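Hi everyone, thanks for coming along. Let me put it on the screen.

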Amino acid sequence: MAITLIFSQWTQANNREIEVDHKVVTEHKTQIEGQRVAYSATTGTQPVWDDEGKAVATLFYTYYQRTDVKDQASRPLVISFNGGPGSASVWMHIAYTGPRILKIDDEGYPVQPYGIDTNPYSILDVADIVFVNPVNTGYSRVLKDADGKMPAKDKQKEQFFGVNADIKYLAEWVNTFVTRNNRWLSPKFLIGESYGTTRVSGLALALQNNQWMYLNGVILVSPTDIGIERDGPVKAANRLPYFAATAWHHGKLDKELQALDLDALLPQVEDFTLNKLIPALSKGSFIDAAEKQAVIAQMARYSGLNPQVIAQSNLDVSTAFFWKELLRDEGKTVGRLDSRYLGIDEKEVGDKPDYWAELTSWLHSFTPAINYYLREELNYKTDIKYNMFGPVHPWDRSDNKTGENLRLAMAQNPYLKVLIQSGYYDGATNYFDAKYNMWHLDPSGKMKARLSFKGYRSGHMMYLRREDLKASNQDLREFIRAALPGEQSAHYAR
């Protein structure tokens, strides 16, 4: 009996499982915009409960709270998510808004040996931040049932792994976090990157209508389509401004265009895209031959591609082909998420790159940095593997109405503002698609004064480049301040 008991205790103690409800608090000081800032960092887990009040998962989070202010309860709170789906909240955490960032050079390329540095532009001076890891990302995990068994894959998908399941459980989790940390009086903001923009667009309405939690702002970083349709001619044409930015960066345009600043070039390309290219693509094979040749010539001029390959693509050049083709004569490919990065393929022939040079670089550098930082600086120690990308697929993408949900949230809440941030060299969620989202989010045009767009000379993670890190955080800082309510009566009929 004694031997059985000892064995049982040893087995329980040595199972590799995350603690379900646990936190570690550390104290820190830093300099932000030349100002001394004291803050606490709370790393921990908080349960996800089902409708019967049973813990079915636990989410890992990191919560930064400024401690040298008098009125902590009313300070703005920024709730941050990354995307994937299946990505940990690591990228914006240690490269964008947090007080500590990955070691990178001025152009945004990671520096070896990899490690952590101070972020002098963090928004922690104006807002507290919590970085949330959805189920199976970071240290967040699905929990075993009462019988000690993992739920079936179909059950997990139903609970966690889909557009609407994700939003539902995260809204409940945010409610608990806000309540536990006494943040109900705080102005609240959601920020999401990539698929995280789908997540926060849906959460804006779910928090309002199901949790009675109204927001001051939503920030969409490198947004997805958020359920707004842009297929056919629009989908094909909207790539051209991104092509132009990338070709300009690599010096592949003619002398006249290359001599322009990017800010002068892109409006030209956008105008051509909207007023010439979309109509041309809409005419399909019945387009006039002379018009088609004129469009091909201008597309080639703006994209740096050979007119012949544009003609052979029927004006519809895929991004994968562009990444392979633009620098084919140099034996190089360009990155998907950041086309400033270069790759080397086995063969120069083909219609898509062998790998993504930028993602390889980022995983190589972010993974050791986040594992070191959480364990050694924030003192969160566990044997659980930190999932940079976790098992969440197949993801249920059906019934994606998140863009409409964000519109409805804005309509219901006249104090809700939206900021969109995009990098010009992002080929995965290109900046012109982000603008298109903004134009079509509110078809009535009655709320467009509450929508704003900012572009940067970087890629998907536009904040990696030093100049853009400073500018994008300042844009966030100004957005947060402008969205604070002040002393006024709440008039909902306007």
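Buried, in what follows, means under 20% relative accessible area, with exposed being over 50% and partly exposed in between, using a 1.4 Å probe and protein chains only. Please keep in mind that this is a predicted model, where local features need pLDDT of at least 70, side-chain atom pairs count only at pLDDT 80 or more, and totals for chains, interfaces and linings use all residues. Residues are numbered from 1 along each chain as its sequence is written, and side-chain values use heavy atoms, leaving out hydrogens and water.

When I say helix or strand, I mean a DSSP run numbered from the N terminus: H or I with at least four residues for helices, E with at least two for strands.

Let's begin with strand β2, residues 35-49. Of its 15 residues, 12 are buried, so β2 is largely enclosed by the rest of the structure.

Who are its partners? Strands count as paired if DSSP finds at least two bridges between them. Strand β1, residues 22-32, runs antiparallel to β2, with 11 bridges joining them. In that pairing, T26 sits opposite A41 of β2. The β1-β2 hairpin has 2 residues between the strands, and E33 there takes a positive phi near 55°.

β2 also pairs with strand β3, residues 55-66, again antiparallel and over 11 bridges. Here V48 has A57 in β3 as its bridge partner. This hairpin has 5 residues between its strands, and G53 in the turn has a positive phi of about 85°.

Now the helices. Axes are lines fitted to C-alpha atoms, for helices over the stretch in contact, and angles between N-to-C directions run from 0 to 180 degrees.

How do α8 and α9 pack? Helix α8 (residues 262-282) and helix α9 (residues 289-303) have axes 11 Å apart, at an angle of about 150°. That is why they are roughly antiparallel to each other; the label applies over 145 degrees, while under 35 is roughly parallel, 65 to 115 roughly perpendicular and the rest oblique.

My other pair is α3, residues 163-180, with α4, residues 195-211: their axes come within 8 Å and cross at roughly 60°. That makes α3 oblique to α4. Contact means heavy atoms within 4.5 Å, and among the α3 residues that meet α4 are I167, L170 and V174, with L203 and A206 included on the α4 side.

That's my tour, thank you!
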